[in-house]
Amino acid sequence: QVQLVESGGGLVQPGGSLRLSCTASGSISSIDLMGWYRQAPGKQRELVATIISGGRADYADSVKGRFTISRDNAKNTVYLQMNMLKPDDTAVYYCYMNMRRLGTLGWWDYWGQGTQVTVSS
């Protein structure tokens, strides 16, 4: 079994900052891609940022220059530092990991439970 647990969401004023964390636990062999997605009410889930095991990161145009994704491979954890938040960033944020489990072949996708981020004055 593998579990992803997120933390760090909440209510913040426009222009403020939040840091999300997501830690994977269980029978993990290795993790390749880590990322964050978000889903606003009435909208489809969209990609926010991804980071591969080597450290290269990619971002949605809407968050470039404001959000930073990072990872700690020793802790099986991915972070999302969100600065200069806007009301349009309000959504449920989900972490994602593509990993290989101990004793198995192939790569598997896992999702966190989601954490609410609300940007409002």
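**Briefing: core, disulfide, sheet and loops**

Asn76 lies in the loop between strand 7 and strand 8, where helices (H or I, at least four residues) and strands (E, at least two) are DSSP runs, numbered from the N terminus. The model is a predicted one, in which local features need pLDDT of at least 70 and side-chain atom pairs count only at pLDDT 80 or more, while totals for chains, interfaces and linings use all residues. Residues are numbered from 1 along each chain as its sequence is written, and side-chain values use heavy atoms, with hydrogens and water left out.

**Loop residues with positive phi**

- Asn76 has a phi near 50°, a positive value in a residue other than glycine, and at 22% relative accessibility Asn76 counts as partly exposed; buried means under 20% relative accessible area, exposed over 50%, and partly exposed in between, with a 1.4 Å probe and protein chains only.
- Met84, which lies in the loop between strand 8 and strand 9, also has a phi near 50°, positive although the residue is not glycine, and Met84 is partly exposed with a relative accessible area of 45%.

- In the order 1-3-8-7, 4 strands form an open sheet with antiparallel pairing, two strands being taken to pair if DSSP finds at least two bridges between them.
- The edges of this sheet are strand 1 and strand 7, each of which pairs on one side only.
- From one strand to the next the twist averages 15°, with axes defined as lines fitted to C-alpha atoms (for helices over the stretch in contact) and angles running from 0 to 180 degrees between N-to-C directions.
- Strand 7 and strand 8 pair in the antiparallel sense over 6 bridges, and Phe67 stands opposite Met82 in strand 8.

**The nonpolar core**

- The largest nonpolar core has 31 residues, and those with the most contacts inside it are Trp36, Leu80 and Tyr93; such a core is a set of buried Ala, Val, Leu, Ile, Met, Phe, Trp, Tyr and Cys residues joined through side-chain atoms within 4.5 Å.
- Two or more residues of this core come from each of strand 1 (2-7), strand 3 (18-26), strand 4 (28-39), strand 5 (46-51), strand 7 (67-72), strand 8 (77-82), strand 9 (91-101) and strand 11 (115-119).
- Strand 9 gives the most to this core, with 5 residues.

**The disulfide**

- The count comes to 1 disulfide, under a rule that requires a pair of cysteine sulfur atoms within 2.5 Å.
- The partners are Cys22 and Cys95, with their sulfur atoms 2.0 Å apart, and the torsion about their S-S bond is about 40°, so the disulfide is right-handed.
- Because Cys22 lies in strand 3 and Cys95 in strand 9, the pair ties together parts that are 73 residues apart in sequence.
- Cys22 is buried, with a relative accessible area of 0%, and Cys95 likewise counts as buried at 0% relative accessibility.

**Tyr94 and its surroundings**

- Tyr94 is found in strand 9 and is buried, with a relative accessible area of 15%.
- Not counting residues up to four places away in sequence, Tyr94 touches Glu6, Gly35, Trp36, Tyr37, Gln39, Arg45, Trp111, Gly112, Gln113 and Gly114, a contact being heavy atoms within 4.5 Å.
- Tyr94 and Glu6 are 88 residues apart along the chain, yet their C-alpha atoms are separated by 7.9 Å.
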